[in-house]
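Student: I would like to learn how to read helix packing and sheet order in a model; could we work through one together?
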Amino acid sequence: MTNSTKNEALRHEPGPGYPQAVKSPQRDDLFSQIEQLKREKNAVILAHYYQDPDIQDVADFVGDSLELARAAQRSTADLIVFAGVHFMAEGAKILNPARKVVLPDLRAGCSLANSCPPDAFAALRAKHPEHFVVSYINCSAAIKAQSNVICTSSNAVKIIESIPADRPILFAPDRNLGAWLEKKTGRKMLLWQGACIVHETFSERKIAALQVEHPEAELIAHPECEASLLAKAQFIGSTSALLKHVIESPKKTFIVATEEGILHQMRKQAPNKELIPAPPNQNCACNECPYMKLNTLEKLHAALRDETPEITMTEELRLSAEAPLLKMLEWSTQIGKNA
Ligand code: SF4
């Protein structure tokens, strides 16, 4: 069964306990128009786990940053519609220069990527020329171009461990992921002080109250969360690792501290588990990424139909950003083989 067919089946047959998606003639019509346009244009839709459920359901491939980078690299489509944020679509373009890459809403940025301006980063690098630069994939092409290797939250520990022990490391842009990696690997690193607004939003006080209410629940968290929350989590992992853990764990109830879009796949793939989104500090929907949510099914349809807005960059920048990205893919394949 192809991913597309699988998604088609899942769309109409949610598991027990799964909240029914709101079905409307307009929504179904959009789904069928998108399927038709995909065939006509030899297009592929790649969607991040933090996208709206409808977008995940219409996508050919849903994954985290590493899985999407690999899917983009494997793609033979003429048109890639990237339902995620700008740095991710840039990543697809870097790996697929001959293909057109469109993002449903060009304003879908990222607070973490924005927290690392290229000029300021170049100035820090100039002060520490001996450092090996490891950048988390959540950064702009201009930061990737200044890095020796890229990592994702799935492969970051192994990537850090692959760097000779006597080489100092500059890690950017996420201070929380960087601090967690220092703990995991025992490597002291120079950390860029960037952060994700979503993963720094969770209320430890409200989570503690939930744990009293649900003593059987396991707290699981993404390493972009703050150290004090991570210290209380029973499982820490990338978005795909959290999904796998919920599916495979004998536990029945989970408090999930990451962007709540992932709950859609968790509910689909582990319909009998109880999932409680970790609450944010404020009475807001701050555990939803406001950038990811700028993409909508309607905008995705328009992007596919009109082949715009397109992601472009100079070939010089693309080549400089491609080298550390390819190094990550090569290293992570190597690490996978040796694991
Ligand atoms: S969840 Fe955080 S890191 Fe991910 S795209 Fe949104 S702002 Fe960026």
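Student: In which hand does helix 13 pass helix 14?

Tutor: A crossing is left-handed if the near helix is turned anticlockwise from the far one by less than a right angle, and right-handed if clockwise; here helix 13 passes helix 14 in a right-handed crossing. Helices (H or I, at least four residues) and strands (E, at least two) are DSSP runs numbered from the N terminus. This is a predicted model, in which local features need pLDDT of at least 70 and side-chain atom pairs count only at pLDDT 80 or more, while totals for chains, interfaces and linings use all residues. Residues are numbered from 1 along each chain as its sequence is written.

Student: At what angle do the axes of helix 13 and helix 14 cross?

Tutor: Two packed helices are described by the angle between their axes and the distance between the axes. Axes are lines fitted to C-alpha atoms, for helices over the stretch in contact, and angles run from 0 to 180 degrees between N-to-C directions. The axes of helix 13 (residues 239-248) and helix 14 (residues 262-269) cross at roughly 30° and come within 10 Å. That makes helix 13 roughly parallel to helix 14, given that angles under 35 degrees count as roughly parallel, over 145 as roughly antiparallel, 65 to 115 as roughly perpendicular and the rest as oblique.

Student: Which residues of helix 4 and helix 5 meet?

Tutor: Two residues are in contact if their C-beta atoms, placed from the backbone, lie within 7 Å. From helix 4, S65, L68, A69, A72 and Q73 meet M88, G91, A92 and L95 of helix 5. Helix 4 (residues 65-74) packs against helix 5 at about 30°, with the axes 9 Å apart, and this crossing is right-handed.

Student: What is the strand order of the open sheet of 4 strands?

Tutor: Two strands pair if DSSP finds at least two bridges between them; in this open sheet the order is 2-1-3-4, with parallel pairing. Strand 2 (61-63) and strand 4 (100-102) are the edges, each having a single partner strand, so one side of each lacks a neighbour in the sheet. From one strand to the next, the twist averages 20°. Strand 1 (residues 43-48) pairs with strand 3 (residues 79-83) in the parallel sense over 5 bridges, and V44 has I80 in strand 3 as its bridge partner.

Student: Which strands does helix 5 lie across?

Tutor: Helix 5 (residues 86-95) lies across strand 1, strand 3 and strand 4, and runs at about 155° to strand 3.
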